[in-house]
Amino acid sequence: MIILENLIGMFSYGFMRQILLIGTLGGVTCGVMGAMVVSMELALVGMAISHAAFLGSVIAFFVGINPLIGAIICSILASAAIGPVADKRELSTDTVMGLIVAVAHGLAFLLMGMMVSAKTDALNLMWGNALGVDMVALETVVISFILVIGVVIFFYKEVQAIIFNREISLGIGLPAYWLFYGIIFLIGITVAANLESIGGLLVSTLIICPAAAAYQLTYNLKHLFYMAGFFGGISCCFGIMLSYFIDVPCGAVIVLISSLIFFISNIFSPKRKVKRIKKLEEVSDVY
Amino acid sequence: MNNDVVTSLRNVVVSYREDVALRDISLEVKQGEMIGIAGPNGAGKTTLLTIINGLGQLVHGEACVLGHLMSAGQRGRDFRLSWRIAKLRKMIGYVPQGSAIDPRVPIRVKEAVMIGRYGRIGLGKRPKEMDWEIVNDLLKLVEIKHLADKPIGHLSGGEQQRVSIARALAQDPYILLLDEPTAFLDWRSRSEILQLIKQVHYQRQLTTLFVTHDPADTFDICDRVVLLKEGRLKALGSPKQVFSPENLRDVYGTTILEGNTSGISRNVDM
Amino acid sequence: MELPYWREIPVVLVEMLTCDFMQRALVVGLLGGIVCSLVGVLVTSLRLSFIGPVISHAAFAGGIISMFLGYNPLIGALIFSLVAAGLTGPLIDRGEINPDTSLGILFAVTIGFAFLFMGLMPYAERTEAYSLIWGSILTVTNNDLQFLMMISLFVVGIIALFYKEIQAIIFNREIALAVGLPAYWIFYGILFLTGLTVTATLQPIGGLLVFSLIITPAAMSYHLTDNLKHLFIISVVFGVFSCWVGLFLSYLFNLPSGATIVTLSAVIFLMVSVFSSNKVKDLKIVKGDYK
C-alpha cells in the first residue's frame, strides 16, 4: 500500500509527471532509432556519435553555454565526419569508431580536469540526471521523437531497402546515401536530446539494448520497430520511477533494465532454437 | 599404391541450429584416391570436408580419419578445442573456399605459405632455414615465386587460390581437402588450377577430396565421385556412373544431354 | 603554476626528472606504453578494436565495485576484466548476434554497474572512484608498479614465444585451426592478455582512457607499414613516446595526465593519417599518368 501511495504521490507532482512522460518518450525514440542502428549494423557508429555528443556538451559547459547546444553541434559534426572516414578503406570502421571514442574521451576528461569549479555538474553529463533537466532539453526530446517517428513512417520502404542492402538500394534508384547519412544524423539528434537525462556515456547503450532485445524476438521489421520502441519506453519509465523511490543514479538503472530485457529476450528467442536429434531414423528415412 | 582405408565415416549426422546439414552419411576413402564431392548449393559438401578435418560438430555417428576417432557426444560434440584433433589437422591440408582477404592484413605471401608449416614446427619454435626452402620450392611449384614478398591481400583470386594450395602442401599432408578450388575463377585459371591439383596429387601420392558445384570438373581427374543432395548421399562411383542423366535430373532438376560437359556446367551454374 | 617560457623548458625537464614521483611515473609510462601498444596491435589486427573498451569498462566497473565493498580496486578489476574477456570470446565465436551488438550489450552492463555503484557511494569516497575514470599516474604505489612490471614481462614474453602462432591467427583463424594450431586457445589467450593489460594500467591511465592508448598507437602504425614485425615496433615507439611527452606536458601545464596522454596520441594519429593519406593520393596520380 505504501508503494501505491508513493506512486500516487509521485504522480501528483506535475513536474515528476512531465519528466516521466518525456523520459518514456525519449526511451521510445532511442528504441526505434536503435532498431535502425542494429539492423544496419551501426552499433559502433551510435557509440562514437554519443561520445562525440558528450564531448560537445563538456566543451559547451566549459565555455559556459547550454550543454545541449554543444552536444547537438558536436554530434552533427561527428555524423558528418563518420561516413567519409569510414569510407576511406585504409582503416576498418571499428578502428575509426574506436578512435573517435578515444579522442572524445581524452578531450572531455582533459577539459573536466581543467575545470576548477562546478565539476559535479560536468560529471552529471557523464551519467545523466533525469530529475534535473530543464525545459529546453525536454522540448528537444519531443522534437527528436517526432523527427525519428516521422522518418520511420514516411520513409518506411526506403529504410527497409537500406537495411536489406545499401548498395542494392542505391542500385534500384533510391537516394540511399542521402537516407543513410540522414539516419546517422538522426542518431546524432537522438543522442543529443537524451544526453542530459540519460548521460553521455550511457545513451548509446540505451539505443542498442532495446533494439538488440527486439532483434532476438522477431524476423519482422515492423514488429522490430514496435518492440524496440516499447522496450526502450519501459526501461526509461521504470528507471525513472526507481531512481525516484530509491536514490540510485537514473541513467545507470535505465541502462541496466534495458540490458536485463535483452538477456530475458535472449532466453526466449526463437532464433536460438537448436534441433535435437536423438535417433538416426529421424533424419535418414524422411523420403 | 596400397589400399588402406584412410578415412571412414559411419552414419554421420551433422546439424547446425535448426538445419540438418548431413544425414546418415557413410563413406570410406582409400589411400591414394582422388574423390570429387558434387551437388547443388546447400547439399552439405563443405560440411563433409569439415568433418574429415575435425572442424565440425558430430550429432550422430563417428568419423575415423588417419587413425583418429571422432564420435558424437550427447549434444553434438565440437572438436575445435581438442588437442588430440589438432594433431590430426596437422596431417591434413585444407584449402578453404576462397574469400576476400582484407587488403590490410600485415602478412606477406611467403609468410602465408609458411603458416602451413607452423603446425609441424611446434608451439613456441621458429621456422628454420629448411622450412623456408620448402616454402620457396612450393612457391615455384604453384608458379607464384615472383609474388613472394607481396602483401597477401593484394593478390587476385586465382593467385590467392594458388597460395592456399601451397600452404596446404607446406603441411606435408597425407590428405588434401579442397573446397571449390575453381569457384570465381575464369575458364583459363580454372583449368590451370585443376591441372595443378592433379599433378600434385600424383607426385605426392596424396589422398585428395575436392568439392565442386560443377560436375564437369570431376570428369578428367577423379577416381570416384560423391553426389550429395540435401545432406544425403545420392550416388557414389565413377564420374560416368554418378552423373547419369537420371541422377542429374534428380539432383539438379534439369535435363542434360549425356556427355555434353559444357552443357552441364552451364545448367549447373544457373 | 605559471606558464613557463619555452626557454625554461629544459629547466623544468631537469626538475621533473629529478623528482621522485615523476621518475616512477616515467617508468609506468614506459611499461604501460609498451604493453598497451603491443596488445593494441593484436586487438586491431584481429579486428577486435571494440574489445578494448568493453574489457576496460569491465575492469573499471570491477574496480568501483570492489572499492564500494572496501577491497583493493585491483582485485575487482582483475576479476571483472578476465570475466569480460572470457565472455566476449564465445559471443564473437558463435556469431549469433553481430559482434558489435553483443559487445555493445556487455558495454552497457559494465558501465551501468560502474555508474550505479558510483552513485551509491557516499560523496566523500567518490573522489577516489573518479581517479579510476581518468587515472592518476603520479600516485602509483610500489605494489602497482610491481604488478605492472610483471604483466609487461608476461605479455612481451608470450608475444615473443608465440609470435608465429599469433601471426597465423591474424591471417585467418579458421586456417590457423586447419593447419593444426590450437587456434582457439591462442585466441582466448590473447583476450586474456588484453584483460591483464587493462587491469595493470587501470590505475595509472584510467579505466575509460586505457583502451584509447591500446587502439591509437596500433591504428597509427597501420598507416605506416604492412609488415607485422614493424607494426609491433612502430606502435611501441609511438605508445611510449605519447606516454612520456604526455606526462611532460601534463607536468608543465598542470593537466590530468591520463587525458593528456590519450589526447596527445590521438593528435599524433591524426597528423600521421593526414601525412599518409597524402602519400596515397600522390601514388594515384603517378599511376594515372603512367596509364
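Predicted model: local features only at pLDDT ≥ 70, side-chain atom pairs only at ≥ 80, totals over all residues.

Modeller: Buried here means a relative accessible area under 20%, exposed means over 50%, and partly exposed is in between. By that cut-off C:Cys243 is buried, at 0% relative accessibility. Chain B has a mean pLDDT of 80, and 88% of its residues reach 70 or more. Residues 257-270 of chain B stay under 50 in pLDDT; for that stretch the model has 18 contacts beyond four places in sequence.

Now the charged pairs. Side chains of opposite charge can pair when their charged atoms come close. Over all chains, the structure holds 12 salt bridges. One of them joins B:Arg10 to B:Glu62, with the closest N and O atoms 2.5 Å apart. B:Arg10 belongs to strand S1 (residues 5-16) of chain B and B:Glu62 to strand S5 (residues 60-65) of chain B, so this pair ties together parts that are 52 residues apart in sequence. B:Arg10 is partly exposed at 40% relative accessibility, and B:Glu62 is partly exposed as well, at 24%.

Because B:Glu192 lies in helix H6 (residues 187-203) of chain B and B:Arg162 in helix H5 (residues 157-170) of chain B, the pair ties together parts that are 30 residues apart in sequence. B:Glu192 is partly exposed at 31% relative accessibility, whereas B:Arg162 is buried at 10%.

B:Glu230 and B:Arg232 also form a salt bridge, with the closest N and O atoms 3.8 Å apart. B:Glu230 is partly exposed, at 48% relative accessibility, while B:Arg232 is buried, with a relative accessible area of 10%. Elsewhere, B:Arg117, B:Asp131, B:Asp172 and B:Arg204 are joined into one network by salt bridges that share partners.

That leaves the cysteines. A disulfide is a covalent bond between the sulfur atoms of two cysteines. The structure holds 0 disulfides over all chains. For A:Cys30, the nearest cysteine sulfur is that of A:Cys236, 6.4 Å away, and A:Cys30 is in no disulfide. A:Cys30 is buried, with a relative accessible area of 0%. In chain C, the cysteine sulfur closest to that of C:Cys243 is in C:Cys36, at 7.1 Å, which is too far for a bond.

Methods. Residues numbered from 1 in each chain as written. Chains lettered and ligands numbered in written order. Heavy atoms only, no water. pLDDT = per-residue confidence, 0-100. Contact = heavy atoms within 4.5 Å. Salt bridge = Lys/Arg side-chain N within 4 Å of Asp/Glu carboxyl O. Helix = DSSP H or I, 4+ residues; strand = E, 2+ residues; numbered from the N terminus. Buried < 20%, exposed > 50% of the residue type's maximum accessible area, 1.4 Å probe, protein only. Disulfide = S-S within 2.5 Å.
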